[in-house]
Every structure is written in structure tokens, then in C-alpha cells.
Amino acid sequence: MQSSLLSLPQQHAPEVMQYAPEPPPAASYPSSTVELGDLKRILVRRRFLILATAALLTLGALLYGLFTPALYSSVAEIIVDPQDLQVVTNDVNPSRVPPDGGITMVESQVAVVQSSGVLLRAIAATNLTEDPEFNGQGGLLSHLLGGVLGSGSAETDKTGKTLDALRRRLAVKRADKVLVLDVIVTAKSADKAAKLANAIAQAYLADQASARAKMATDASDSITARLEEQRKRVQRAENAVEAYKSANNMVMAAGNLVSDQELTEINTQLAAAQSRTATLKAQVDQLRRSGGAPDATSEAMRSAVISSLRAQEATLVDQVSQLGTELGPRHPSMMAAQQQLRDTRQLIARELGRIVAAAETDYERALANQQALEAKVAGMKSKSLDTDQASVKLRELQRDLEAVRSVYATYLQRAQETREQVNVDSTNARIISDAMPALKKSWPPLLLLVFGAFFGGLGLGTGLALIAEYSSPTVLSSAQMQSAIDAPVVGVLPAKSARRRWWPFGGAATPAGQKMDAVAGLALRRLFSSSRRPPDWPLVPSILLTSAPEDAAQRGRVARLLANAAAARGSRVLFIDTNNAGGGQKEPQPGLLDVLRGEYAFEALSQYAPGSNVAVLGKGRPKAAFSEAQGVYFTQHMLAQASRNFELVVVDGGALADNLNASPLVAMVDEIVLVATLNATPMRDVTAASQAISVMGRLPTGALLVDEAA
């Protein structure tokens, strides 16, 4: 039934009650950050962009792998020993192993293998300039560019192109801590790749041998050119020595001056004479000191004559003694024996005298010889002093001569050695593994390209998704929402529930729906636990839900969910839908707008849904506008009347930025809840909704988030 009320002018409207529940004190919420769960929501939401990017790159890699001509790689292995072969002692290329074990030297050989000299040798050995794959003349585009841009000699241009192409197809690698070089060549033919790899390895060895031979040749030529000059220097030094000796009358024998040799010999003779004189003088002195017994001297003891006479004397003494005992002193035999004894002793005395006289004679002769030698030495010393000054210059000239001779001999020996080294290869490098034709193609690796493109596309798509997300940020987390509206997030609801009817109200809920009812009930408790409603406040508790226009469906769903959650707990709920004109009929039915204009009584329009504790009030007929003061008055009157029959009013306030008809409700409701969808609602829409609430004189008191990924 419909009953109309007279429209009350604003001046006759009763004074509007001034209470409006204030939001709780602003808490300090954490700053907006992106967490792992937020990244997951971004990737799930942008999954089509990510998968499309990965699919595009994978398709491109697959097409490239299918239509690109196959390439084959062959490897030739060369071992390079830092210590060269020891062929001669004085090698032009000395073999010394550096402190790092030769790794640096072997690493430099990588550049040598790729040098133009080695590659040109390999090109000449394989006649590679005639191969269209390498000489740059294998395609129509090459012919056209050659005709337009070609310059210089055709043969030189072909060689240069072949060299560049071979260098692009060549890779020289050295594994860690080994002295082996891998020469890798890639070509369209497996046999050609193996042939080129072996040719480059042989060219490297030939280049090393040629370089060492050239070094030996250059060294030999340089040393040989210096030999004539060194020979002339030796000749000049010899002439200078001989001229100086001739000018100073210095005769040499066995490398020394004759005068020096004579002085040395006479000094030796003088020393011997002095020694002999001293010995003879000692003998004479001993003989003189013996006085009457010269027979006690060593000379007498060594004399054979004295020894014989002494023996004879001893015999005669024995004979005289025997005869004296037998015959007596007067016997003729006794007397004869005594005479013989006296004669023997006289002979001994005379022999001892001769010994003394001979010793004195020898001493005098030795002394005279010594004096003569001393006089001669003194004369030669005076003469030697005159040649000493000349000898100083002579020795200097001789030292110069010896030095020049030594250098000349060294040059001569070195020249002969280097001439021999020209024909000797001391390089200690060899091919340990010849290249063999490859059995499988090395490029393109189709499976690797596809997998790489797929995962690379995933990475690129993820990057594009993050760029797209941060260029237009959305609500990513509760912390971000709280920081944006300066109000708490009272709950996070899943986007869907299996087989749950949200309209009309009522009906049995599934287990998943019961879980969402629990979340909604907890959100209601959080909202009203922080409310500052006075105990005697006459208006019914009320909640207004608003959102961005894009979240209208989620906002309506959440509003109905809150109404159902409260009704399920025995509360009578009034559900006001500011977006629904009523029942889906062609002609709009009276509703909220009619009440706010004062045309209908609230009790006449609210109707309970069948089998439910929820009464529904539609939007009504937007046929005429009303003043804000009038709307606030009738809103207050409506909420006061609703407190008689209802415990809660849930208002689907629509998008407040586009729905000014809801401003009276904004002024009078207890809680204003902003609804947003995680990873879908743009932050600019959240800011716009919050500003619209602020313009209407209120601030959001909470937020409810919908998680589409749940």
C-alpha cells in the first residue's frame, strides 16, 4: 500500500539531530609495499599477457629453428707446452716457464690462433676464397651489394670477406687450468668444418715454426753483420799492443816480459844461494865450536872414510889390549900393534881436518856466489823500475785486447749457433686430436631455443606485467588499502562461492557460503566494536557500502553478504539498494528516493524477502530532486522509524562520485565501508571514492576487500 506524505518545506523541517558517529582515531598503518602474495596476484591477473609473450617468443624460436640452415662444428685440439724443446744451449727463444705455470703464455696463443697470419695460411691451404659460403658471393643480396658498394681489387675484397667470415665461424677456447687449445670451426658441412679446423691447427704450427725460424735468421744476420766489425776491432787492439811493446823495447816470452822472467829466475837462484850459504855457515860454526873434537860433528859421522878408520881403530884397540895381556908391553908384536893404532889415529885426525877445511871452502864459495847474485838482482831491479811505468799501459792495452777477443769469439760462436737454429723447430706444440666430422648439428639447437624462448618469454612477460601494473597501480594488499584511506580493512572476502544464491535473500548456505558468512559476521563485529554510538542513540545501526563504478557487482554482492550474515544470526536487517529501481519491472516502484522526498512513509515501502529476516527497499522513482537538508531530515526520520523493527540497516550506496542522491545517507549512517577488489581496483578509483566521501562531510570508517584469487 502506498500513502503519500505532504512535502515539508525546509524551513518547517525539524532540526536535524547533530550526532554523526565519528571514525576511530587514525592509526599508523604500514606504508604501501609489494609482498610476495601481491606479486602472485599481479601475475595471475596479467597471466594472459605473460602467456602471450611466452607463446610469441616460443613460436618465433620454433620458426627460426625450423627454417634456419643447419650448422656443424668440429674441434681440433692443440697442446702447447710453455717449456720449448731444448735443442741447443743458447737458444734464440729461451725456454723459461713463468711463475703461473705458463697459463698466461698459453692464453696468448688463443689470440695467435685467431690472428690474420694463421687464418690466411689456412685459407690458402684449403682454397677457401672459392667457397661461396665464406667468400661473400653466395647470395643475390651479396651480388647486389657487391655491385653497388664494391671497391678495390676483387681478389683482395674476396680474401677480406673470406677472412671475416672464417673469423666469425671460428672459436678458440682453453679450459680452465689446462694447456690445451680447442679450435672450433662451424660450417654448413660437417666435412668442411673438420677440414677447416685441421687446416687452422696445421697453420698455427707452421706459423710458429716460421716465426721462430725468422727470428733465428734475423738474429744470425744481425750477428754476422757485426762479425767483420769485431774482427777489425781485434786487429786494431793487437797492433796497438805490438806497437807499444816495440816502442818501449819490451820483449815478451810466454806472455810475460823477458826482463821480468830473468828477474824472477835470478831471485829464485838468490834465494837458493842464500839458503845454501846459511846451511854451510851453520856447519862451519858447528865445526868451530867443536874445538878438539871435530869428529863429533854430523859431517864426520856421515863420512865413509872416518867410519872405516874408526872401525880399524876399534880393531887395533882390541888387538893391543889382547897382546898386552898375553905378551906384555915390550913384545915386538905389541909394539907394532901400538904403532898401527897411532898411525890410524893420525889418519883420522887428518881426515877430520880435511872435512873442516872443505866446509870452510864451501862456505866461502857459497858466500861469494850469494854476493854475486845479490849484485845482479840489484842491477836488474833498477832496470825493472824503468819498465814498470810502461807495463801499466801495456797491461791496459792487453786487457782491451782480451775483451775484444772474447766478444769476437762469442759473436763467432753465436752466429754459427743461430745459423743452425734456422733449420731446427724447437716449438713444443702438437695436435693431440684431429677434428672429425660432426654427427649432429650444432646450430640451431631447436629444443634449447624453444625452452629458452619459452622461459625467456615468461620472464619478459612478467616484466611487462609488472610494468603495466605499476604504470596503473591497483589495490594489492590490506596494508596498501589502509594506507590509502587511513582506515582499517575489516575483512577480505573471496570473489566466488560454489552454488550460493545471493538474490533473493534467504535459502540454505553451502559450507563455503557458511565460511563467507563467518568472514562477513567478523567484519560486522569489527565495524561496530569500534563505533562511538551513544547508548541512547535513537537511530538504528547502519552501514553504507560504496566503491568505484567498476566494482558495482562486487559491492552489491558484499552488501547482500553482510545482510545475510546478520540475518543468519537472528538480526532483522533492512537492505537499501540505491541502484535498483525495484524488482526489474518496466515502471519503477516507489522506494528510497520517494521516502527522502517525503512522498511515502518508510513502513509502507519496506518489504521482507520470502523466508528471510531481510527487508528490502529499492531505489525508487528519480522523478524530482530534493534539497540536501530535506533529504537529511527524512533520512534521520527513516532510520529512527527503522529502529523499531530492525537491528541493522545495510545500504548499497553505489559509486558516491556518481550518486549524489546517497549524500543524505552518508551524513547519517554509522559506518561507511569502501569495497575494492584486490589486484583489480585501480588506486586512483580508491582515491576518488575516498575524496567523494570527504566532500560529503565524512571519512571512510573501514574497507572490505574482495580477493578474486581466493
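**View A. Strands 9, 11 and 10.** Strand 9 (residues 573-577) and strand 11 (residues 614-617) run parallel and are joined by four bridges. Val573 faces Val614 of strand 11. Strand 10 pairs with strand 11 in the antiparallel sense over two bridges, and Tyr608 has Ala615 in strand 11 as its bridge partner. Strands (E, at least two residues) and helices (H or I, at least four) are DSSP runs numbered from the N terminus; two strands pair if DSSP finds at least two bridges between them. The model is predicted: local features need pLDDT of at least 70 and side-chain atom pairs pLDDT 80 or more, while totals for chains, interfaces and linings use all residues. Residues are numbered from 1 along each chain as its sequence is written, and side-chain values use heavy atoms, without hydrogens and water.

View B. Strand 8 (residues 542-547) pairs with strand 12 (residues 648-652) in the parallel sense over four bridges; here Leu544 stands opposite Val651 of strand 12.

**View C. Salt bridge between Arg572 and Glu647.** The closest N and O atoms of Arg572 and Glu647 are 3.1 Å apart (a salt bridge is a side-chain nitrogen of Lys or Arg within 4 Å of a carboxyl oxygen of Asp or Glu). Arg572 lies in the loop between helix 15 (552-568) and strand 9, and Glu647 in the loop between helix 18 (628-642) and strand 12, so the pair ties together parts 75 residues apart in sequence. Arg572 is partly exposed, at 33% relative accessible area, and Glu647 is partly exposed, at 36% (buried is under 20%, exposed over 50%, partly exposed in between; 1.4 Å probe, protein chains only).

**View D. Salt-bridge network at Asp131.** Salt bridges link Asp131, Glu133, Arg169 and Lys192 in a network. Asp131 and Lys192 meet at 2.7 Å, N to O. Asp131 sits in the loop between helix 4 (116-126) and helix 5 (140-149), and Lys192 in helix 7 (residues 190-247), 61 residues apart. Asp131 counts as buried, at 14% relative accessibility.

View E. The side chains of Glu229 and Arg226 form a salt bridge of 2.8 Å, N to O. These residues are three apart in helix 7, about one helical turn. Glu229 is partly exposed at 39% relative accessible area, as is Arg226 at 32%.
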